[in-house]
Every structure is written in C-alpha cells, then in structure tokens.
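Good morning, and thank you for coming. I would like to take you through a few places in one protein chain, step by step.

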Amino acid sequence: MQSIDIYRANGANERQQVILFAAAEDQLPATLQNAGLQRAAVGVLYPLGDSRFALNIGTPLTPAALQDAGAAIAAGQKDYGLQQLRLTLAPELPADAENWRWLLFGLRLGAYRYQHHASATLTDPTLPLASQDAATQALCDWANLHAEGVIIGRELMNKPANILYPESFVEAVAQLPFRHLRQEVLGDEQMAELGFGGLLGVGQGSARASQLLILDHHPANARHTLALVGKGVTFDSGGISIKGAARMSTMKFDMGGAAAVVGAMRIIDALQLPIRVIGLCGLVENMPSSRAQRPGDVVTMHSGKSVEIISTDAEGRMVLADVISYAQQRFQPDYLLDIATLTGGAGVALGKEYAAMMGNDEAFLAQVTQAGQVSAEPVWPMPHGGWYRGVLKSEFADYRHGGEDPHGSPCVAATFISEFVQPGQRWAHLDIAAMSTDMPHRKLYANGASSFGVLLLARLSSLLAETEH
C-alpha cells in the first residue's frame with residue numbers, strides 16, 4: 001500500500017493528505033517542485049495547499065527516520081488541525097508493513113506530552129490511531145500498542161519523586177491493563193529475610209520503604225525464560241556521597257531501567273509471546289540521613305558475597321546485583337538482561353548515539369544488538385572483566401563496588417555486576433543513562449523522559465520467542 005487512510009479516535013470532517021518522500025533538501029521530486037516547493041528540510045511539514053502537505057523523511061530510510069517523520073506529523077496537528085489523514089509514500093519508497101508501523105508509531109507517540117497530576121496513576125493524553133480498512137487497522141493496532149508501552153515508561157519516569165516512590169510505583173503498575181501477567185511484590189521485611197543486603201542498604205537512608213516488583217508473563221508450554229531486571233531508583237540524591245546541585249532534579253529519572261521493563265511487559269503481555277518473560281524491578285530511594293549507609297561500610301549481598309561501599313552514589317549496581325542473584329536462584333532463566341541508568345561514563349564514551357552493552361554470550365549479545373537496531377534503540381558493545389576486575393579488589397570484603405577514580409566507570413560497573421552472574425548464565429547488561437532524557441536530536445523524544453529500552457526489550461522478547469518453535 002503506497003497510501004493509507006487513518007484518523008484519530010475522535011474523528012474529523014476533512015481528510016488531509018501528507019506526501020512523504022526521502023531526498024536531500026535541494027533534490028526534491030519534480031512533482032513537489034511543480035507544486036511550488038523548492039527546498040524541504042528533513043522532518044518539517046510543508047503545506048502545499050488544497051489540504052495537502054509534504055514531509056521529507058530524509059535519507060537513509062531507517063526506523064529512526066520513520067519514527068521521527070511520524071512525530072513531525074504529530075507536531076503539525078496543532079498548527080494545521082490534522083486529524084483525518086491520508087498518508088502517501090512517494091513511489092520510490094518501500095511501502096512494506098514495517099515501514100508503515102514505525103511511521104504510525106511515531107505519529108501516535110509524537111503527540112505525547114507529560115501532564116502533571118498529583119497522583120501516581122498513569123495517564124495517556126494521546127488518542128489512538130484508527131482506520132476503516134482492516135489491513136491498516138492492524139498496522140494502527142501495532143503502533144498504538146508499542147506507543148502505549150513507551151508512554152507507560154515515560155509516565156513513570158516523568159512523575160516527580162514526591163509522587164512516585166517505590167510503593168506508589170508498585171501501585172501505579174497494579175492499575176495497568178495487563179491481561180495475563182502475574183504480579184508479586186516483596187517488601188522490606190521479606191527482602192531482609194532473603195538477604196537483600198545490597199538493595200536494602202541503598203534504601204535504608206530513606207523514609208520510603210524499598211520494594212521488589214515482579215511481573216511474570218508465563219504462557220503455557222513456554223520452553224525458554226527471559227529475565228529482565230530493571231534498576232528502579234525513584235530518586236538518587238547520591239546518599240552520603242551526595243551529588244552536586246546542578247541537574248539533581250533529573251535524578252527522578254534514575255528508575256528508567258525499571259520503567260523500560262514495565263513498558264516492555266505491557267507489550268509482551270498484549271502480544272502473548274510464547275516465551276516466559278519475568279520483569280523484576282528493584283525499587284529504592286537513595287537519600288542521606290542518620291540511617292544512611294556510609295562509604296567504608298561492608299554489606300552482605302543476596303548471593304552471600306560481602307561488598308565494601310566506596311561511594312554511596314554507586315548505588316544502582318548494588319540493587320542490580322541483588323535482584324540478579326535472586327532472579328537466577330528462583331527462576332533459573334535461560335537469558336538474563338539488566339537495564340539501568342547506571343553511569344555518566346557511558347554517555348562520555350558514546351554520547352547520545354548508543355547505549356552501552358556488555359555481556360558474556362556472543363549469540364545473545366547479537367540478538368540484543370539486532371533488537372536495538374530494528375527498533376531504533378541502538379547499543380554498542382563495551383568491555384568488562386580484565387583490568388576492570390582489579391578495581392574491585394578490597395582489603396575488607398570479597399569486593400569493593402567501584403574505584404576512587406572514574407576510569408572506565410561503565411566497564412567497572414558491568415564487571416561488578418558480572419561477579420553475581422552464575423557460571424553458564426547467558427547475560428547482557430545495558431547502561432542507558434545518557435539515553436534516558438535530553439535527546440533533542442530525535443523528534444520522537446519530547447522534553448523529559450525518553451523511556452529508552454522499551455522497544456528493544458519488547459523486540460528482543462519477540463526474537464527469542466521465535467526460537468520457541
């Protein structure tokens with residue numbers, strides 16, 4: 001289909017056409033030049049008259065370009081009242097289902113803007129896309145579902161920490177329209193009995209109780225299990241090793257890994273993928289107080305290993321290590337992936353182009369990379385182990401959880417986490433700190449949280465589900 005007709009759920013009277021093409025700004029198709037358009041910047045909606053518009057997707061034609069093109073159309077809704085649309089791809093553009101899906105996904109998600117409510121309840125201010133054509137409606141359904149998953153993640157991340165904290169995070173997720181997921185919560189007392197010394201140590205300085213949220217998608221006859229572990233620090237002051245004032249307000253985003261897991265689980269549940277996927281969100285608040293843990297403290301982890309605290313601002317790896325240990329002991333997953341806004345060093349190394357990826361199984365890492373590439377949430381491999389393991393040597397415990405200097409900080413953090421991965425366990429680690437917010441180079445990302453990782457985790461689950469058969 002080179003053209004599809006869609007509308008917003010509230011309908012409209014007049015249909016407007018958007019012609020999409022891919023070209024350099026000064027190399028427009030002759031038909032558009034004849035219509036009076038001489039140049040067209042990428043991602044800008046140009047009115048041609050008679051309810052017709054043109055939009056240059058740019059080259060090459062990638063999932064990211066299509067997502068951003070959809071978001072650009074969404075941005076034009078306010079200016080031009082676009083509600084009932086005929087989207088037309090130029091003849092030279094491939095009109096396959098995947099391209100349409102990402103374009104429509106960008107159109108739905110591009111309309112999202114956070115609206116504050118004094119409640120942890122998650123809201124979706126956008127309207128779903130619909131069509132009277134059955135084939136187009138199937139494309140809209142896919143786009144709507146994936147946009148909703150990302151919006152869930154963004155809503156969780158954008159809410160301020162006085163509204164969204166570990167217990168209210170759990171309450172917000174409990175209200176989501178999951179169909180078949182089993183939800184379970186472990187509180188402070190249960191985790192203390194199980195030996196979660198690392199996670200509880202992070203949260204002990206806060207008046208807010210820590211939580212472990214477990215979302216279990218368990219279809220009948222599933223042969224493989226994927227465990228997704230998300231870091232959920234609902235506010236990270238740094239603890240006793242307190243952060244500077246600059247940009248501390250953005251530390252409400254430090255639960256981006258947990259938010260991505262929840263958003264992905266919404267998609268996985270709705271698609272009913274034939275693979276068991278267990279999302280585990282370690283939820284804490286890292287605050288300074290007379291009860292907070294101190295640099296130099298030694299804690300005993302869920303695995304039984306002892307860890308010397310060097311900086312209380314290196315808290316995320318402690319949360320992940322305990323939850324990873326628990327996930328392996330209880331669920332014995334075939335695949336284990338943790339995702340976290342972990343280190344600023346990942347952004348120093350890779351900027352806003354890639355999330356950092358580490359792991360121990362080349363085939364699994366290739367699947368993670370593929371999932372990121374096809375969903376426009378790219379990852380780049382970085383090392384762990386080797387020299388970085390020397391940084392973790394302690395005179396007072398089995399390990400210290402980091403060094404006194406910042407050298408190789410993403411790699412040191414991943415190496416620490418790897419010490420809690422059991423032999424033979426396929427494992428991947430994603431450091432998404434730089435990708436969680438402040439992404440103006442992509443039209444898809446409005447101000448605030450990006451919820452990077454939702455699409456990658458959902459697509460990875462789909463890829464692994466294909467091996468079920």
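**Strands and buried residues**

Strand β2, residues 15-21, runs parallel to β4, and 5 bridges join the two. Please keep in mind that this is a predicted model. Within this pairing, Val 18 stands opposite Phe 53 in β4.

Strand β4 itself covers residues 52-56. How many of its 5 residues are buried? The count is 4, so the strand is mostly covered, where buried means under 20% relative accessible area.

β4 also pairs with strand β3, residues 45-49, this time in the antiparallel sense over 4 bridges. Here the bridge partner of Pro 47 is Phe 53. β3 and β4 form a hairpin with 2 residues between them. In that turn, Asp 50 has a positive phi of about 55°.

Let us now turn to Thr 225, which belongs to strand β9, residues 225-236. Is Thr 225 buried or exposed? Thr 225 counts as buried because its relative accessibility is 11%, and the cut-off is under 20%. Its contacts beyond four places in sequence include Arg 276, Ile 278 and Tyr 335.

My last stop is Gly 316, in helix α9, residues 316-331. Gly 316 is buried, with a relative accessible area of 3%. Leaving aside residues up to four places away in sequence, Gly 316 touches Lys 231 and Leu 342. Gly 316 and Met 255 are 61 residues apart in sequence, and their C-alpha atoms are 9.4 Å apart in space.

Definitions and conventions:
Residues numbered from 1 in each chain as written. Predicted model: local features only at pLDDT ≥ 70, side-chain atom pairs only at ≥ 80, totals over all residues. Heavy atoms only, no water. Buried < 20%, exposed > 50% of the residue type's maximum accessible area, 1.4 Å probe, protein only. Contact = heavy atoms within 4.5 Å. Pairing = 2+ DSSP bridges.
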